[in-house]
Amino acid sequence: MSVLVFILILGILVVVHELGHFLLAKASGVKVEVFSIGFGPPLAKFKFRTFDLYISLILWGGYVKLAGFERQEYQRKPWEFLSKPLGRRAKIILAGPLFNYLFSWILFCLVFLAGVELPSNRVGKLKPGWPAEKAGIKEQDIILEVEGKPTKTWQDITEVIHNTNLKQIEVVVLRNGEKVRFTITPKREEVKDLLGRKRVFSFIGIYPSQEVVKLRYTPLRAIIEGSLSLLRFTFLTFKALFYIVIGALPFRETLTGPLGIYYITKQAVSWGLSSVLHLMAVLSMSLAIFNILPLPVLDGGHIFLLGLEKIRRKPLSLKTEEIITKIGISFIFLLIFFVLYNDIIRFGSKIFSK
């Protein structure tokens, strides 16, 4: 089941991306020769009136073959890619990442519309000898308030506790139908945040139970929450890229390849539809951002070359462009091998041991 969901997710994200290029090319009067889901040898071919559809061996990507995209094949026909103005060519290239980003936004909104399942505010276990146990908190207590702020989910609880600098915090719990108030002295510890940076947070030594609550939102609220989630993940991704570039964040700890995504997919499937949709949303956004990086072969690399053409008022020489493309392809293959190796080290035992 997890394998099928994994393949389906990859297939959908590739189709959405290439559909952006396909539709903008069609709208711009550029002839589309091939729409391929995947790379490598075609496993199946379907012929349509104006283009061929391929289902190829390696599903980790795809492509749309446009007439006259390669300068070696350009014949100066009006329906060819290179016959179009720079601005129109840029729009066709950017349409792929844009479609992925818009698809991500739609998915985030659907997640909140369908309902988000989160750990409830019920205490599962206590860490022996830690502040919560010492103060008198017990398993199965329901935490209603932390520092006067109502808490419906475990996330509400941790957001207040982890980020407080207070020496003592007030916690109100529901126990046997009665409210009980506790004063707890948090313990400060240094841990790594989502970006791998060491930061100091407050803890009281409590763990969530297996109980979950489903938060449902009105359509308008779902759109607002979905938009905010997309912006938060986008900001976090660019922040992570910045830290990688300046060397503050280890490269191998941030990149996840097919094995890593498969492992995460297995977990998402076990958690339900909302988790699968959320995973797809994050992956679609990540694919959009990755593709706009100014690396040769990627969409961002093509945009970079178009920018140079705009500045120089003429394209780079064919030889220079070929050299840049070869360097870009070599880099992408090295990146693929590195990511696969890193995935095996990080996730191999977790996947194959089950």
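How are α2 and α7 oriented to each other, roughly parallel or roughly antiparallel? I looked this up in a predicted model, where local features need pLDDT of at least 70, side-chain atom pairs count only at pLDDT 80 or more, and totals for chains, interfaces and linings use all residues. Residues are numbered from 1 along each chain as its sequence is written, and side-chain values use heavy atoms, without hydrogens and water.

**Entry 1: α2 and α7**

I found the axes of α2 and α7 (residues 273-291) coming within 8 Å and crossing at roughly 160°. The two helices are therefore roughly antiparallel to each other (angles over 145 degrees count as such). I noted a left-handed crossing (the near helix is turned anticlockwise from the far one by less than a right angle). Contact (heavy atoms within 4.5 Å) involves, among them, Leu-107 and Phe-108 of α2 and Leu-277 and Met-285 of α7. I sorted the contact residues by class into 14 nonpolar, 6 polar and no charged.

**Entry 2: α2 and α5**

Next I checked α2 (residues 86-114) against α5 (residues 219-245), and they pack at about 130° with axes 7 Å apart. By class I have 11 nonpolar, 5 polar and 1 charged residues here.

**Entry 3: α8**

Last, I looked at α8 (residues 299-312), where Leu-305, Leu-306 and Glu-309 are among the buried residues (under 20% relative accessible area, 1.4 Å probe, protein chains only). Arg-313 follows α8 and has a positive phi, near 65°.

Methods:
Axes fitted to C-alpha atoms, helices over the stretch in contact; angles between N-to-C directions. Helix = DSSP H or I, 4+ residues; strand = E, 2+ residues; numbered from the N terminus. Nonpolar A, V, L, I, M, F, W, Y, C, P; charged D, E, K, R; others polar. Buried < 20%, exposed > 50% of the residue type's maximum accessible area, 1.4 Å probe, protein only. Parallel < 35°, antiparallel > 145°, perpendicular 65-115°, else oblique.
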